Amino acid sequence: MNSFFPDVNVWLALADVRHSHYQPAWNWLNAVSLDDQLILARFCQLGILRLLTNPAVMSGAVMNIGQAWNAVARLMGDSRVEFRPEPVDLDPHFRRAMAPLAEKPASKWIGDCYVIASAHAHRATLVTFDRALLSFAETHGYAALRPN
Amino acid sequence: MAARTVEIPESLDERLRERAEQTGQSIDVLILEAVSQTYGAPEKPKQGFRLTGPIITDMGERGPLYPTDETPYELIFP
């Protein structure tokens, strides 16, 4: 069994046909076996809820909170998707992932390294459309892929 | 069922006993819950259901802050 850890943007691409990476996201998901596992972590759950309910993101398709929870429930209804809480031993993974960036001020990397560390702690492959994140993950020995 | 013996520090064992008294649950149940939360609950039965398409199928305009490649953390945790 393979485990995958899609980042927030990949979940959005799976949820919304308007996403520019909608087709690659679905090409990838359709190739994921029923024996494989997609991990939905709290961080990504919060992220997708926030994006689906933000009119500046969703425009006319913006959801209220109840609708957004229903959307998350639809995603989780797929038998490959499993909600996983944060591992108790995440902290050292998180710190290790961020170590190469210790001199940088850029806050975006904090979120990126959190998903890298989470995927790693869950022994899952990070799935992302973010080329910089993919490159960073691969350079530092983390399993990651970008759906094509 | 597998059997496993684990040594638990006294301080943690004390917290487990207190928690068990407070909740009326056995220490075994508390430990199983904690392990399941950390490493995943026992596999849910595979019903074979898989999503076959997106949830949002409306082809209307996207919002001005709609993401492309990167997750917009600034929108998630402003």
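I take helices as DSSP runs of H or I with at least four residues and strands as E runs of at least two, numbered from the N terminus. The model I am reading is predicted.

**Entry: loop residues with positive phi**

I looked up Arg123(A) and found it in the loop between α7 (108-121) and β4 of chain A. Its phi is near 55 degrees, which is positive, and Arg123(A) is not a glycine. Most residues other than glycine have a negative phi.

I placed Ser59(A) in the loop between α4 and α5 of chain A. Ser59(A) is partly exposed, as it has 17 other C-beta atoms within 10 Å.

**Entry: overall layout of chain A**

I counted 8 helices and 5 strands in chain A. Along the sequence I read the pattern β-α-α-β-α-α-α-β-α-α-β-α-β. The radius of gyration of chain A is 15 Å, close to the 15 Å from the globule rule for 148 residues, so chain A is as compact as a globular protein of that length. I noted the span of its C-alpha trace along the principal axes as about 40 × 35 × 30 Å.

In which order do the strands of the open sheet in chain A lie? I read β3-β2-β1-β4-β5, 5 strands with parallel pairing. The edges are β3 (81-84) and β5 (144-145) of chain A, each of which pairs on one side only.

I followed β1 (residues 3-6) of chain A to its partners. With β2 (residues 37-41) of chain A, β1(A) runs parallel and is joined by 2 bridges. Here Ser3(A) is opposite Gln37(A). With β4 (residues 125-127) of chain A, β1(A) also pairs in the parallel sense, over 3 bridges. Phe4(A) has Thr125(A) of β4(A) as its bridge partner.

I asked how many residues of helix α1 (residues 8-15) of chain A are buried. I found 8 of its 8 residues buried, so the helix is mostly covered, by the cut-off of 20 or more C-beta atoms within 10 Å. Among them are Asn9(A), Trp11(A) and Leu14(A). What covers these buried residues includes β1, α2 (22-31), α3 (42-52), α5 (65-77) and β4 of chain A, and also α3 of chain B.

Nonpolar side chains tend to be buried together in soluble globular proteins. The largest nonpolar core here has 44 residues. I listed the members that touch the most others: Phe5(A), Trp11(A), Leu14(A), Ile48(A), Ile116(A) and Leu126(A).

**Entry: Val57(A)**

Is Val57(A) buried or exposed? I found Val57(A) buried, because 21 other C-beta atoms lie within 10 Å. Val57(A) is in helix α4 (residues 55-58) of chain A. Beyond its neighbours within four places in sequence, Val57(A) is in contact with Leu51(A) and with Gly63(B), Leu65(B), Tyr66(B) and Leu75(B). I also took its separation from Trp11(A): 46 residues in sequence and 14 Å in space, C-alpha to C-alpha.

**Entry: where the chains touch**

Last I looked at the two chains together. I have 30 residues of chain B in contact with 40 residues of chain A. On the side of chain B that touches chain A, the elements giving two or more residues are α2 (27-39) and α3 (73-76) of chain B. Which element of chain B gives the most to that side? I found that α3(B) does, with 3 residues. By class I sorted this side of chain B into 13 nonpolar, 10 polar and 7 charged residues.

Note on methods
Residues are numbered from 1 along each chain as its sequence is written. Chains are lettered from A and ligands numbered from 1 in the order in which they are written. This is a predicted model: local features need pLDDT of at least 70, side-chain atom pairs count only at pLDDT 80 or more; totals for chains, interfaces and linings use all residues. Two residues are in contact if their C-beta atoms, placed from the backbone, lie within 7 Å. Ala, Val, Leu, Ile, Met, Phe, Trp, Tyr, Cys and Pro count as nonpolar, Asp, Glu, Lys and Arg as charged, and the others, Gly among them, as polar. A nonpolar core is a set of buried Ala, Val, Leu, Ile, Met, Phe, Trp, Tyr and Cys residues joined through C-beta atoms within 7 Å. A residue is buried if 20 or more other C-beta atoms lie within 10 Å of its own, exposed if 12 or fewer, and partly exposed in between; C-beta atoms are placed from the backbone. Two strands pair if DSSP finds at least two bridges between them. The radius of gyration is taken over C-alpha atoms; the globule rule is 2.2 Å times the number of residues to the power 0.38.
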